[in-house]
2 protein chains.
Amino acid sequence: MNVLIIHAHPEAKSFNTALMTLAQAHFIEAGHTVAVSDLYEMNWNPIASAADFAQRKSPDYLVYALEQRHNYEQQGIAPDIAAELEKLKAADLVIFNFPLYWFSVPAILKGWIDRVLISGVCYGGMRFYDQGGLKGKKALVTLTLGGREHMFGQNAIHGELVDGMLRPLLRGTLAYVGLEVLPPFIGYHVPYIKPEAREQILVDYKNYLTNLDELTPLRYPHMDEFDGKLYPK
Amino acid sequence: MNVLIIHAHPEAKSFNTALMTLAQAHFIEAGHTVAVSDLYEMNWNPIASAADFAQRKSPDYLVYALEQRHNYEQQGIAPDIAAELEKLKAADLVIFNFPLYWFSVPAILKGWIDRVLISGVCYGGMRFYDQGGLKGKKALVTLTLGGREHMFGQNAIHGELVDGMLRPLLRGTLAYVGLEVLPPFIGYHVPYIKPEAREQILVDYKNYLTNLDELTPLRYPHMDEFDGKLYPK
């Protein structure tokens, strides 16, 4: 199996980075191939712009998704994007490892999503959700946050986490491009807990990864539940 | 009234930019003061990092929120962040004008949120939601997207938009820092519609802005509904 870890934390000594390192070691030890895109270390450019395209279809007016399709065909996509896309296409499992910033991904990771998940390859036309361009691959979100578990849920102060705050990422992005989305691994209250509690999260994560094949992916829309204009059948 | 427009579109001739320009002209004409942060034009740096702080409290280990509080007190915050923070503090109404990328904000705007909404000023301790640091100000999200209106809703292919996909932004970010969040103005299917349909959206937006005072803000949690440990009372 090829594993790709997309990692986005500004502190190399962070606990979040320790989770990334653990996953990397775990999969190597199990005989898999692991690629890591450490976005801070790579000084990843998160800004989707005209500079991403060497071969403009429409030189005077930028429609980003349209230029993605055209430049992919013409091999005009910026080299940093093309390199990530190759890693992504080779991967069987993609892990997104990050601290939750504003109930979402850090901007540097949002910019990986904006620039790498290109139209025409990862989605396009009627190819999305279970028909998305990356179908057959799995995705795991591993995140740390400051909040406690009881702050999330239907009547909790922040509402639902997995089906609420994380919906644009899990459903609107990862499931949208056809990835099978595994239940996320979540480290709560990380900045405030004792070393022993952090150790326990590492133990739990190791077990989680060991038993990954037994997890049931989250259930998202299937294209055959909708008609050609995307109204529910 | 002071209006601040945060704008994030890579194409200066885009319809999305026309919405921004319309709002700017509308409020100036009505006698208000308008500041615009055009993030692409400013070449805004979206990456939260150690480089944002001149006076590190903990030089060897970066805890971003902790350095935000410390550096705000010590006037060590990066000048680009400090300038945006001043604009934000002066504003009575903040408009976020952007195209929806992956059911969320473009990375360049996520980086404005990550870096400018600093701990200790915009939120902190028990000051969030209706007690957030920016209480008394209003926020309006104005967005354009490719999807059609019928693709959103409880049984629709993408689920709810305002209370679903936009939750981390509207509730988890804008309401969290105390802003009164107005119902967003949404331009659907923009890349695919005729010029007349785009004209109609501009007319609708002008009316929306003219009647802004009559809009009821969205309802989000109030701190007095929760106890000191943030369990529901």
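1. The largest nonpolar core holds 140 residues, and A:V94, A:L109, B:V94 and B:L109 have the most contacts inside it. Such a core is a set of buried Ala, Val, Leu, Ile, Met, Phe, Trp, Tyr and Cys residues joined through C-beta atoms within 7 Å; buried means that 20 or more other C-beta atoms lie within 10 Å of the residue's own, with C-beta atoms placed from the backbone. This is a predicted model: local features need pLDDT of at least 70, side-chain atom pairs count only at pLDDT 80 or more, and totals for chains, interfaces and linings use all residues. Residues are numbered from 1 along each chain as its sequence is written, and chains are lettered from A in the order in which they are written.

2. Leaving aside neighbours within four places in sequence, B:L109 is in contact (C-beta atoms within 7 Å) with B:I6, B:A8, B:L39, B:F96 and B:F98.

3. Strand β3 of chain B (residues 93–99; a DSSP run of E, at least two residues) is largely enclosed by the rest of the structure, because 7 of its 7 residues are buried. B:V94, B:F96 and B:F98 point one way from β3(B), and B:L93, B:I95, B:N97 and B:P99 the other.

4. β3(B) runs parallel to β1 of chain B (residues 2–7), joined by 5 bridges, with B:V3 opposite B:L93. β3(B) also pairs in the parallel sense with β4 of chain B (residues 138–144) over 7 bridges (pairing needs at least two DSSP bridges); there B:F96 has B:V141 as its bridge partner.

5. The contact between the chains takes 43 residues from chain B and 43 residues from chain A. On the chain B side, α5(B) gives the largest share, 6 residues.

Key:
A residue is buried if 20 or more other C-beta atoms lie within 10 Å of its own, exposed if 12 or fewer, and partly exposed in between; C-beta atoms are placed from the backbone. Two residues are in contact if their C-beta atoms, placed from the backbone, lie within 7 Å. Helices (H or I, at least four residues) and strands (E, at least two) are DSSP runs, numbered from the N terminus.
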